[in-house]
Amino acid sequence: MTETRDLTIDVSSDRDITMTRSFDAPRDLVFAAHTQAEHLRHWWGRGNPLDVEIDFREGGRYRFVEHAPDGNEYAFRGEFQEIVAPERIVQTFEFEGMPGQVAVETLVFTEQDGRTVLTGTTRFDTTEQRDGMAGSGMAQGVAESYAALERHLSTMR
């Protein structure tokens, strides 16, 4: 298990990565920030400019393109498999730079005393895919995105 500031990352299973972080905001706001383009643009790509296409419904798709400061673009896409608002989202996740390696993410939003604990578990097809993602700088990218989310949540109240 690894902790990066407020983010806890657990890779104790052979195909899963579980990330947990608490946010100082009610669950409805954290859920909205994950499901609405006007909010996703502010935080998902570490706060970098982000193109967002999202059809938030079961069977709907999303595509995000992050425009990094170095001029590179990073595109991600997936499909929403299950939505239980504001408690749970199950979706596929694919980095377009590594086509064909599709993971399944489950996001669980739990409110405790006005704070929201977000637990995201990503299941990969193989241990090698999991290890590749874990070694890709994912922890830093997620920590930066969640820090941007925390800042954005303070503007949503």
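Student: Which residue stands opposite Tyr62 of strand 5?

Tutor: Ile54 stands opposite Tyr62. Please keep in mind that this is a predicted model.

Student: What makes strand 4 and strand 5 a pair?

Tutor: Pairing needs at least two bridges between the strands. Strand 4 (residues 50-54) and strand 5 (residues 61-67) have five bridges, so they count as paired. The sense of the pairing is antiparallel.

Student: What lies between the strands of that hairpin, and which residue there takes a positive phi?

Tutor: Six residues lie between strand 4 and strand 5, and Gly59 takes a positive phi near 90 degrees.

Student: Why is His67 called partly exposed?

Tutor: His67, which has its place in strand 5, has a relative accessible area of 22%. Buried means under 20% and exposed means over 50%, so with 22% His67 falls in between and is partly exposed. As for distance, His67 and Leu29 are 38 residues apart in sequence and 25 Å apart in space, C-alpha to C-alpha.

Student: Why does Trp43 count as buried?

Tutor: The relative accessibility of Trp43 is 3%. The cut-off for buried is under 20%, so Trp43 counts as buried. Tyr146 passes that test too, with a relative accessible area of 8%. For the chain as a whole, buried residues make up 43% of the 157 residues.

Student: How many aromatic pairs does the structure hold, and why is the pair of Trp43 and Tyr146 called tilted?

Tutor: There are 12 aromatic pairs. The ring centres of Trp43 and Tyr146 are 6.2 Å apart, and a pair needs centres within 6.5 Å, so these rings do pair. Their planes stand at 40 degrees. Stacked is under 30 degrees and edge-to-face is over 60, so 40 degrees makes the pair tilted.

Student: What makes this pair a tie between parts of the chain?

Tutor: Trp43 lies in helix 2 (residues 37-43) and Tyr146 in helix 4, so the pair ties together parts that are 103 residues apart in sequence.

Student: And why are Tyr62 and Phe80 called tilted?

Tutor: Their ring centres lie 5.4 Å apart and their planes are at 45 degrees, so this pair is tilted. Tyr62 is in strand 5 and Phe80 in strand 6 (residues 73-84), so the pair links parts of the chain that are 18 residues apart. Tyr62 and Phe80 are both buried. They also belong to one aromatic cluster, whose members include Phe31, Trp44, Phe76 and Phe93.

Student: What surrounds the largest pocket, and what is its volume?

Tutor: The volume is about 910 Å³. Of the 37 lining residues, the closest to the centre are Trp44, Phe76, Phe93, Met138 and Val142. Helix 4 (residues 138-153) gives the largest share of the lining, seven residues. The lining divides into 21 nonpolar, 12 polar and four charged residues.

Student: How many helices and strands does the chain have, and how do you know that it is as compact as a globular protein of its length?

Tutor: The chain has four helices and nine strands. Its radius of gyration is 15 Å, close to the 15 Å that the globule rule gives for 157 residues, so the chain is as compact as a globular protein of that length. Along its principal axes, the C-alpha trace spans about 40 × 35 × 35 Å.

Notes. Residues are numbered from 1 along each chain as its sequence is written. This is a predicted model: local features need pLDDT of at least 70, side-chain atom pairs count only at pLDDT 80 or more; totals for chains, interfaces and linings use all residues. Side-chain values use heavy atoms; hydrogens and water are left out. Helices (H or I, at least four residues) and strands (E, at least two) are DSSP runs, numbered from the N terminus. On a 1 Å grid over the protein atoms alone, a cavity is a set of points where a 1.4 Å probe fits but cannot get out, and a pocket is an open set with protein on both sides within 12 Å along at least five of seven lines; lining residues have an atom within 4 Å of a point. Grid points are joined across faces, edges and corners, and a volume is the space filled by probe spheres set on the points. Ala, Val, Leu, Ile, Met, Phe, Trp, Tyr, Cys and Pro count as nonpolar, Asp, Glu, Lys and Arg as charged, and the others, Gly among them, as polar. Rings of Phe, Tyr and Trp (its six-membered ring) pair if their centres lie within 6.5 Å; planes under 30 degrees apart count as stacked, over 60 as edge-to-face and the rest as tilted. Buried means under 20% relative accessible area, exposed over 50%, partly exposed in between (1.4 Å probe, protein chains only). The radius of gyration is taken over C-alpha atoms; the globule rule is 2.2 Å times the number of residues to the power 0.38.
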